[in-house]
Amino acid sequence: MKRKKQSGERGVFPLPLSLKTRNWNFSRLQGRLAPYAFLSPALIVITLFFFIPLVMVFILSFTNLDMTNFGILEWWRPANWSLDNYVKIFTNRFFPKILGNTLIYVALTLAFFNVGMALIIALITTHISRGAGFAFRALWLLPRITPVVVYIMMWKALAGPAPMGIINNYLLGPLGIGRGEYLLNTSPWVFVILVNGFIGASFGMILFSSAIEAIPKEYSTASKVDGATTWQTIRYIVLPMIKWPLLFVTTYQTLSLLTSFEQIMLLTDGGPGLYQTEVWALTAYHRALTSYFGNTQWGYGSAWAVVLVVIGVIMAIIYLRVFKFGELVEEPKIDRL
Amino acid sequence: MRLPQKPRAALAYLVLIVPSALIVLGFLWLFITSFSTRTEGLRSLGWTLRNWSFLWESPFGPQYPSIWWVTLNTLVMSLVMTLIVVVVSSMTAYALSRMKFTGRKSFLSLTLILHAFPSVTLLIPIYFVLIWVSKIPVIGRGVPLLGGLGYNTIGGVALVMVAFQLPFGIWVMKGFFDNISWDMERSALIDGASRFRVWWQIMMPNIKPGIAALSIFSFITAWNAYLIPLTFTAGRAGKSAVLSLYLQNFISESVMTEWNAVAAVGLFQLIPVVIFFLFTQQVLLNIYGGGKKGGV
């Protein structure tokens, strides 16, 4: 006679005797499947919006699909594939300029703001009074949470020509610099870097301040007893102890900057001259999704996008190796009884 | 720890204060301009409430939606997106933090790589994916309020935003899950609870700071979004417009921009976020604080 199952006791999946002897019960199966059940919604979203599009963009970059032959061109047929788009990119007259722009943009914004300013803010705000430090950090978080259209609008007003522009009126005018022109036309790069830098600094700022505040006070006390100046304390104690956040922020912000173009698009849209502030991601967007050239060229734009991905992946791998990020991945806690 | 040396301290403070002043000036300009007829720098040439007339009449004409309809769109999109992101991220992060399965390490690295993925690369084919989703009978076009999940609908935009926010959400939630001790779970599992029950009834209530931080961050991201709604809806002041698109509509290239009216609409979009932010600062600033080495 079958014993009545006690409450809480896991059931046994009825199987033929031969398999049963292998002690394979349902709870084990359920335990095996549980992770995948938890992962499934994310996997669906990621497949639908990352993997499928990735494959598609890769294929599209080998075709010349655009608005004129949409629906006619069978882009999934290998017969229609060719390397024309890539040839077009590398022989484009503005290819060096766009590449140079992108590299300058990433390097300068990273150095001055995303890492530089973030570090300065973190260092200073952790040393002044708690309330003031908090206020400054909250102020620097504002650019990130302001709607991007509003944020750019503010910058256009800041950079406006005299007498409307604020920088011209209150800063450059009294100092006698410049003639009160529209600053986005005379020095667009300065503003591109400022706009993106202000947003980017908040990320590093938060990570660095938490890391700095986690440093035990004994270190700085001991160094003060030994007579170290503030600069020496920063250089020999604080900086080495926040090495991991520093490396992480550098990596992460490099990739972030490489792919960001929304602010540049709203601010100068690649102008004011011909490709003066055009970065790679913006070029891909322009080619593929605007009819600036009379025709939205999905195939050609995809080629630009694919090259960007390749550059990004290479840089990510380089960073991973150089900074030894593999060590960061810990093993999970015990997962089965 | 005080900064003793006077000149060096002064320089450090200068480097901090000048950019901070720029930020303050920007917001000050926005506020003053929205209530003035014209401004020169920060000086108003006349105070008025005319710029705020968009609140009760449509500035483009009767065929365009009023700001309240657009605000509703934005609100629905943000709420839906936040809900989905929090639920899916928590489920995934729980599995990544607590369970051992093949492909765990690669999934983690995948999350990091996806987070740094160029959005522009994916915008092009996602357009095709959404058009294909529009063709699915019910959820493609017919969901009430959301207008469906396909192209040119609020639901579709929300879905794409979820996809782009998901890697970050998983990363953040995993940090929070890692900090919870294993004991509660172990006792629950011994008592025979299923994994799902452990997740829903034990882990989630303990993750409340993480959930709060992620929801706030996601909501603000969705409320401010411009590029994704722009790419996946048709028309800047159409039926599925959101506030950013509506605002950008004012800033046209050909006609003289009426900066004062624009500033007012901008302030309208900004104020909820700032109020939200002021009340939840403490929570938000902890969002990256799951890690010890800053690691996984």
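Reader: How do you know that helix 15 of chain A and helix 4 of chain B pack, and at what angle?

Author: This is a predicted model, and here is what was computed from it. Helix 15 (residues 298–322) of chain A and helix 4 (residues 119–134) of chain B have axes 8 Å apart, at an angle of about 145°. The residues in contact there are A:Trp298, A:Gly301, A:Ser302, A:Ala305, A:Leu308 and A:Val309 from helix 15 of chain A, and B:Val120, B:Thr121 and B:Ile124 from helix 4 of chain B. They split into six nonpolar, three polar and no charged residues.

Reader: Which hand does the crossing of those two helices have?

Author: The crossing of helix 15 of chain A and helix 4 of chain B is left-handed.

Reader: How many residues does each chain bring to the contact between A and B?

Author: Chain A brings 81 residues and chain B brings 79. On the side of chain A that touches chain B, helix 2 (residues 26–60) of chain A gives the most, with 15 residues. That side of chain A divides into 63 nonpolar, 12 polar and six charged residues.

Reader: Why is helix 11 of chain B called largely enclosed?

Author: A residue counts as buried if 20 or more other C-beta atoms lie within 10 Å of its own. Eight of the eight residues of helix 11 (residues 243–250) of chain B are buried, so the helix is largely enclosed by the rest of the structure. They are B:Leu243, B:Ser244, B:Leu245, B:Tyr246, B:Leu247, B:Gln248, B:Asn249 and B:Phe250.

Reader: And for chain B as a whole, what share counts as buried?

Author: Of its 296 residues, 46% count as buried. Chain B has 12 helices and two strands, and from the N terminus on the order is α-β-β-α-α-α-α-α-α-α-α-α-α-α.

Reader: Which residues have the most contacts inside the largest nonpolar core?

Author: Those are A:Ala118, B:Val160 and B:Met161, in a core of 164 residues. Helix 6 (residues 154–178) of chain B supplies the largest share of this core, 17 residues.

Reader: What is B:Met161 in contact with, leaving aside its neighbours within four places in sequence?

Author: B:Met161 is in contact with B:Met81, B:Ala222, B:Ala225 and B:Ile228. Two residues are in contact if their C-beta atoms lie within 7 Å, and that is the test each of these pairs with B:Met161 passes.

Reader: What share of the contacts in chain B with a separation of 6 or more comes from residues 24 or more positions apart?

Author: Such residues account for 63% of those contacts in chain B.

Note on methods: Residues are numbered from 1 along each chain as its sequence is written. Chains are lettered from A and ligands numbered from 1 in the order in which they are written. This is a predicted model: local features need pLDDT of at least 70, side-chain atom pairs count only at pLDDT 80 or more; totals for chains, interfaces and linings use all residues. Helices (H or I, at least four residues) and strands (E, at least two) are DSSP runs, numbered from the N terminus. Ala, Val, Leu, Ile, Met, Phe, Trp, Tyr, Cys and Pro count as nonpolar, Asp, Glu, Lys and Arg as charged, and the others, Gly among them, as polar. Axes are lines fitted to C-alpha atoms, for helices over the stretch in contact, and angles run from 0 to 180 degrees between N-to-C directions. A crossing is left-handed if the near helix is turned anticlockwise from the far one by less than a right angle, and right-handed if clockwise. A residue is buried if 20 or more other C-beta atoms lie within 10 Å of its own, exposed if 12 or fewer, and partly exposed in between; C-beta atoms are placed from the backbone. A nonpolar core is a set of buried Ala, Val, Leu, Ile, Met, Phe, Trp, Tyr and Cys residues joined through C-beta atoms within 7 Å.
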